[in-house]
Amino acid sequence: MALPVEQWRAVAARCWAALDPALRERLAATSLQDVVRLGCGLLRPEEQAAALESLCRRVRTGKDPAAAVFYREEGNRLFGRRRYEAAVRLYSQAASHELPDRPDVSVCFANRSAALFHLGCFEVCLEDIARAEGHGYPDRLLPKVLLRKAECLLCLGRLQDAADALYVVENKIAMDGVMTSPAHQTLLNKLSQLKNKLHEKENCAEPTQEVHGDLQRKSEIWEENDSISGASSSLSLNFNTERGRHLVASQDILPGQSLLKEEAFVSVLCPGESYLLQDSSETAWDTRVTNADLYCHRCLRPLLASVPCHGCSYAKYCSQSCADVAWEQYHRTECSLGALLLTLGVFCHVALRTVLLAGFAEVSRLVEWSHNGDKDLHNPEARCKRLSGAPATRGVDTRGIPGCNEDGQYHSSYQAVFNLLPHAEKHSPEHKFLCMLSVVAICRQLQEAGLEAAVLNQESSEKSSRSETYEKRSGELSPELKTVAEAMLRHMLQLQCNAQAITVMQESGSRDGAVVNKKPVRLATAFFPVLSLLNHSCCPNSSLSFSGTAVTVRAAQPIPSGQEIFHCYGPHRCRMGVAERQQLLRQYFFECHCQACLHELESNVNSVAPTRNSFCCPSCRAPMQGEDMLCCSNEACAVSVSRESLSHRLRDLQHQIQKALGLLRDRKADEAIKMLLKCQTDARNFLSPEHLLMGEMEDHLAQIYATLGKWQEAARHLEKSIKIVEMHHGPSSVETGHEVFKLAQILFNGFAVSEALSTIQRAEEILSVHYGPQSTQIQELQEMKTCLSDLPRNIFQR
């Protein structure tokens, strides 16, 4: 959720409507500095602030021992049903709610280690055992956990470490004295078994096998640009009236060639909706898994066994190192503001974290410069005229381009972020007012909570007396926090045009299947200053991929020298018509004049994209046309039906598909197939044959047949899915690449050697362009190819 919750937006709208018209006019026309100055007094404690506080009470981000008990018991229940992966998530949620100084958190780590052991995650299991010991795991239960540690070490082949662990356990049991309980006897039996296993492994130690480098890894040619950090030397920075700042090829570029590698200046994980309750009286805890449970809140790497923040329940990390770095850089300030930040939305959170990472000295310097320095800062057209006409070559003088330093270098820095255009004059006055109230609310909370010193990177005593003075003045912000509020307001406005969604292909369904099913998921919102130099095109010539907080941009097609590098902001010619694309692009305050849009507009050609996801006539199957009441496009057919009626059928169909997938999860594959086939029959009566949902059903059927080992059937359905994906995304798109990758897996598992090899080659050609030759996907494809090449084809040919 980028913007604040709907209820806060409504509060801001009422406040705006109640303002004197003259004040509204001043707020709409004035500078960001004056917007903050005028707006500070508009967040009244008895009205807006009270409403915001009420909304924040509905968001659960603090520690709650009752919640910890609930999640731990739910984890135990699922562990008993052998649903170990789900149990791991619940134990993690329990640990995040435990108070850090209580030994109960050690039980969460110990229980989680047991689930991780059953999942075969031995290294992570050992980490959790160490955490349990470090947090005071009950001494009487320690032998069982130490035996698990020894067994993990045995499984990892670390025989000496395993022997040492068994020695510790044996001494521990001996020190506890003679016991005759069944539990004690079980420990002794397990100890004896592990000692025997250790002796067997020691006596039958296998010689270390040489690892043959059969797979040839292609190295990427990369030479970094001298003047643009993270960019290839094959690019140059240009600036003119029409295009603004943009990147141009300074030499011919091949498909798949890396153009840009940049670490986000700032990124914020997009949380799940489970934090936001519908009713403050709710007491049941949500067990849904969200991004907050699956990815590290700092580096965005996938989480298996999270390390919780010691002060809140919503921040989780992949390691203690990540947790410590986050705390030092920004989380010591954000920790107690969790409910407020979740209520005010990701854009507000990104704005705050941006100024925290930049540091107050740099923020203050650039805000002051925007007031008194370069007068062209508020006049982009003047800057463009001064620099227009410069040729797109590596020798262009870039010293006057906004964001560049005095040497003409453009770095991924706060200065570059600050110089991204906020388009303050183009945003609606109501939107600016909402953003202003939100950032003032955060800054006021920082002041009231005594966090101002942390924000300003100063000692607490240095600011405490002045903070108290300003608090007494009806909550007036200190001059320093007004500077912070102005910078945050600028960043919130910038984000509408410059926010970059970090997306990942997330595995869906069970991980133990023969075919890995993935779907694209928006993971985080970030500022990438160099990536923001790329302008939009509905037919882009580049492709983006993400790894944690880093982005890599590659050429998606041959790019001749002198051609601009384009990136798609969302609306793509394969997925929607020109009218819909232009409508969606209005949020960026420009009209698209890319080749695809110009072709469709000038030739008056109607894109087929909108009809692919359209309804069709229940009688003759021709496309339906219209708005609220749809009529058959076939003049010989007089059928008409309301859009609401067909939309209801579509929602019901989607519900039935989810029920079918539930049957698959419950291992009722035959029933799932029957239900999906019925869904297909129903869908053909009112959906276009190229509708994405038709492809999804083919994909689901392929998944089910693959779980049954019916590879030919699975391949047949997946080939149909690929055709529909190609229509919507293009034959060389990353979406098509992932579908072809799945087909390669199916053909590989079915030993269809010749078909598998040709499919593997196609998947390599597509995915290497998007992910590079060293990606895990390409390595897996090469492993499959090597394996199949060694098989006797006359035996396994289909």
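Student: What makes Arg-490 count as lying over the face of Phe-418?

Tutor: Arg-490 is placed 4.2 Å from the ring centre of Phe-418, and the rule asks that NZ of Lys or CZ of Arg be within 6 Å of the ring centre and within 35 degrees of the ring normal. Two notes on the source belong here: this is a predicted model, in which local features need pLDDT of at least 70 and side-chain atom pairs count only at pLDDT 80 or more, while totals for chains, interfaces and linings use all residues. Residues are numbered from 1 along each chain as its sequence is written, and side-chain values use heavy atoms, with hydrogens and water left out.

Student: Which rings are linked with Phe-418 into a cluster?

Tutor: Ring pairs join Phe-418 with Phe-265 and Tyr-414, where rings of Phe, Tyr and Trp (its six-membered ring) pair if their centres lie within 6.5 Å, with planes under 30 degrees apart called stacked, over 60 edge-to-face and the rest tilted. The structure holds 11 aromatic pairs by this rule.

Student: What does Tyr-414 touch beyond its sequence neighbours?

Tutor: Leaving aside residues up to four places away in sequence, the contacts of Tyr-414 (heavy atoms within 4.5 Å) include Phe-265, Thr-354, Val-355, Glu-362 and His-491. Tyr-414 and Trp-8 also touch the most other members of the largest nonpolar core, which has 122 residues. Such a core is a set of buried Ala, Val, Leu, Ile, Met, Phe, Trp, Tyr and Cys residues joined through side-chain atoms within 4.5 Å. The largest share of this core, 11 residues, is supplied by helix α19 (residues 429-448). A second, separate core of 58 residues has Leu-653, Leu-676, Leu-687 and Met-694 among its members.

Student: Why is Glu-764 called buried?

Tutor: Glu-764 has 13% relative accessibility, and buried means under 20% relative accessible area, exposed over 50% and partly exposed in between (1.4 Å probe, protein chains only), so Glu-764 counts as buried. Glu-764 is found in helix α31 (residues 753-771), and helices (H or I, at least four residues) and strands (E, at least two) are DSSP runs numbered from the N terminus. Apart from residues up to four places away in sequence, Glu-764 touches Ile-778, Leu-781, Gln-782 and Lys-785.

Student: How do you know that Lys-785 and Glu-764 meet in a salt bridge?

Tutor: Their N to O distance is 2.9 Å, and a salt bridge needs a side-chain nitrogen of Lys or Arg within 4 Å of a carboxyl oxygen of Asp or Glu, so the pair meets the rule. The two residues are 21 apart and link distant parts of the chain, with Lys-785 in helix α32 (residues 776-789) and Glu-764 in helix α31. Lys-785, at a relative accessible area of 32%, is partly exposed.

Student: What makes Asp-34 and Arg-37 a salt bridge, and how are they placed in their helix?

Tutor: The closest N and O atoms of Asp-34 and Arg-37 are 3.4 Å apart, which again falls inside the limit. Because the two are 3 residues apart in helix α3 (residues 32-39), they are separated by about one helical turn. Asp-34 is partly exposed at 23% relative accessibility, and Arg-37 is partly exposed at 46%.

Student: What makes the span of α8 close to the expected one?

Tutor: α8 has 13 residues and reaches 18 Å from its first C-alpha to its last, close to the expected 18 Å, the expected span being 1.5 Å times one less than the number of residues. Buried residues of α8 include Phe-122, Leu-126 and Ile-129, and what covers the buried residues includes α7, α9 (142-155) and β5 (307-308).
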